[in-house]
Amino acid sequence: MPAIPLAKAPQPSFTSPAQLRNFCIIAHIDHGKSTLADRMLGITEVVDPRNMRAQYLDRMDIERERGITIKSQAVRLPWRSGLDNQEYILNMIDTPGHVDFTYEVSRSLAACEGAVLLVDCAQGIEAQTLANLYLAMENNLTIIPVLNKIDLPAAQPEKFAEELAKLIGCQPEDCLRVSGKTGAGVTELLDQIVLQIPSPIGDANAPTRALIFDSVYDTYRGVVTYVRVIDGHLSTRDQIQMFSTGVRHEMLEVGVISPEPVVSKGLGVGEVGYVITGVKDVRQSRVGDTITTYNNPAKVALAGYKDPRPMVFSGLFPIDGADFPLLREALDKLQLNDAALVYEPESSAALGFGFRCGFLGLLHMEIVRERLERESNLTLISTAPNVVYSVTTGDGQLLTVTNPSEYPEGKIEKVEEPIVRATVLAPAEFIGTIMELCQERRGTLLGMDYLSEDRVEIRYTLPLAEIVFDFFDQLKSRTRGYASLDYEPIGEAEGDLVKVDILLQGEKVDAFSAIVHKDKAYTYGTMMTGKLRELIPRQQFEIPIQAAIGGRIIARESIRAIRKDVLAKCYGGDISRKRKLLEKQKEGKKRMKMVGRVEVPQEAFVAALTTDADIDKAKAKAKERE
Amino acid sequence: MNTLAFYVHIPYCVRRCGYCDFNTYTPGELSITNDFSVTSRSYIDLLLREIEYAREISTATVVPSIFFGGGTPTLMESKDLGRVIASIGSHFELAEDAEITTEANPDTVTKEKLHDLRAAGFNRISFGMQSAVPHVLAALDRTHNPENVLKATTWAREVGFDEVSVDLIYGTAGESISDWETTLDTALSLPITHISAYALIVESGTKLGAQVKRGEVVMPDDDQTADKYLMADEKFTAAGFDWYELSNWSKQGSECRHNIAYWNGDNWWGAGAGAHSHIDGRRFWNVKHPAAYTQKVIESGNPMQEQEILTADEARSEEIMLQIRLATGIPLSSLSPNEQRSLPSFLADGYLLGPAWEGGSVILSQTGRLIADRIVREILL
């Protein structure tokens, strides 16, 4: 058997770099990365078959349910190669699979010498995978192309082998064919990893430099930091120092994941493992930072460290105002594990007290919201997400606007907004559709290439704000789910932007204000006033709903006064029942938010800020209440 | 004066109408196969037992009104209904001017039956007319010939009923504004002193409720129903019928005193299956099914299923909820500053009568009556 019992395998800290292979798997959601990883854990026998479970390495419920990896992991797999019968240690570094986490992906890649490019041979490569592949190639990683799911009836391995060969410059027959599900080809893949991926190179005698590629908060242990040693050696005896902060930490524990944590004496050149220093907050142990030893510090940090920069902002408000302290606690707790999450208290006339939060992107936002709701049992309203604007006022003042409410009144010299370079991969039949969508969203075509006869890569620059506003949903629905999208920020550009306010009976509702392109202002105004007309129940007076830019009304609707709100009959036997109904209605009224005199149901806020499907739900609820 | 009004419930109907959620049963549902007079006699016997029980419980002396509702009270033998009146009269003191009402189905009464009812002691009768338009009646599962109502009300006057009322229902599916106008004009041509007009309430658990839920029946929108209310109020007022409660209009002096007792929070005893009672802040109600009612009465004379003792807040809620329905309204001085808080804006929007407000009373205007429940919520929140 090519598996080696753990106890007899080369031990951490005593494994020569020549025996090491560090690799990651680049794959799109659904392309079977977790299943392949499960299979590797099984074949190398690091997980007992009795303890095996699906998606073994995905730790959070959200990861399992959504089939995505939010945080990376590194697993040490002992392996005896079937080609040369020698013992090796394979470190499999799992990478997050989403555009929001590109920076984290790049750090994971920097910890590897090679990458398995895993593509579902019924679907072909997707835009995010392509983006990560390019990242890997920029990092000079050896790429092993692998077609997965060859057991599927719809598999087209020949077609997609051509595509992969063209992308990475190899021959179609160089693509390995595996099935994570049946295990077919996985042993060969492990052997090819040993054969093709170079062993790490580093100077064991130089001052220690280790790259942090992930950092996870654990309730019991504090922050667990995942590292790849580049030069020198890390051991429990060391005091370590972070390059970016200069802060010194005691080393409490060093170890490897196999796939449960195993304490070791240390980590040598090229090795991958974890360190625990007693730090309580991942922001003190940041991804991309360099760890060195305090006594013999390295002079130069490893390249590529960046502070995470939030790209998308949204307000999060508890539905029940009394939950505000609970939300604060939950955010504080989440931040221990999420260095990219930023927030500050915000108060909204309509929604009460909450937090303005900054996220890496839309998925990051969704995940944070879901975790807050799930782990702290909160029900939240989130306002429409927006990007960061640089506004220069008439008197030359430069403002950074992360919230429409901060948008200055009065004369504005110019507004700049973030721009991204977007890549869309899709079947060629959708070229027209995609170009139309990108044009609608103020895109500029950069170029287009055929990946194969019938699949294209289309590149555009687009304002990030346009992507944040349902671009992905539109792309998916207009291409019947076939298109995939990736984007990266490339800077800022001046835009013809205005702030649209929504007024109920003349009162501005801050939660509905939006910064939009001038040409879209009318669309936004009519959309929002129309939605609200549907969502706000009739009241005893007429309610004008207006959309305005400054003092200029651009759209208006009105909710007619309610004419009938009475039960016609009230005799002896009806009285108790009617009083109980009244009490229930009084409770319902307490859940209303008041905007001036107007009662707005919570669901109206939620639905107005989200999609059409939610509006139907809110209407159903409102009807139930009646 | 320590008074106790009586409501007497007769839980039987020949057939059930699709919109009705009252506590009533058809002979088929109860597997009654013999002559209905037997059922009549034995049910009345039970009522007499319950009246004896009421006598034990209540400290009241005078009974100002009795109201027989259902169900269909006229399914009972008139002499049996008379036994109930006589029993109440013997255990309590029936006021000299006591108002004694029965509901009646215009289809099934004969002049002779009406004569018998009058002889049994009834002095007020209320006919379930609902509509004068055949397709509207059909939608309500009512089958009577609209002409029967004219006959029935005329006979009632002829046999000596001075107080004759009809019930109308508006807002039935398929009822147009002009259908409703026809109904109103027809009702106003009858020899009557009182009209009740109710917007149809779709109750869950009824045939109509299920049809609406399944989308088989589409109810007219509330705005049209509101227009119908306004039309009714205009026509009634012009014909000399003044509103004294949201859904009730009468000639001067012909108000239904029994119903006013409900809205004033007076004490009343509800006898019969499923009937509700109110005595000094305590509400209690009887078991609903005639079989369960029979068993309980035979066992102890007390057919009560459950009771609630109103808290001060609940009593206050009820008081406002009921009084606001009346043309006499609520004295402004009886409302706390917090309860009054929302009223000026309702006044400004025309939902309260201005002159009454100046005079210190909160009285709903025509449009205000249509949103009475909303105004109650605002007062109480």
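A:Tyr226 stands opposite A:Tyr274 in strand S15 of chain A, where strands are DSSP runs (E) of at least two residues and helices are DSSP runs (H or I) of at least four, numbered from the N terminus. This is a predicted model, in which local features need pLDDT of at least 70 and side-chain atom pairs count only at pLDDT 80 or more, while totals for chains, interfaces and linings use all residues. Residues are numbered from 1 along each chain as its sequence is written, and chains are lettered from A and ligands numbered from 1 in the order in which they are written.

S15(A) pairs with strand S8 (residues 222-231) of chain A in the antiparallel sense over five bridges, pairing being assigned if DSSP finds at least two bridges between two strands. Strand S12 (residues 253-257) of chain A also runs antiparallel to S15(A), joined by three bridges, and A:Glu253 has A:Ile276 as its bridge partner.

Both faces of S15(A) are covered, with A:Val272, A:Tyr274 and A:Ile276 buried on one side and A:Gly273 and A:Val275 buried on the other. A residue is buried if 20 or more other C-beta atoms, placed from the backbone, lie within 10 Å of its own.

## Where chain B meets chain A

In the model, 36 residues of chain B are in contact with 22 residues of chain A, contact meaning that C-beta atoms, placed from the backbone, lie within 7 Å. H16(B) gives the most to the side of chain B that touches chain A, with six residues.

Conventions:
Contact = placed C-beta atoms within 7 Å. Buried ≥ 20, exposed ≤ 12 C-beta atoms within 10 Å, placed from the backbone.
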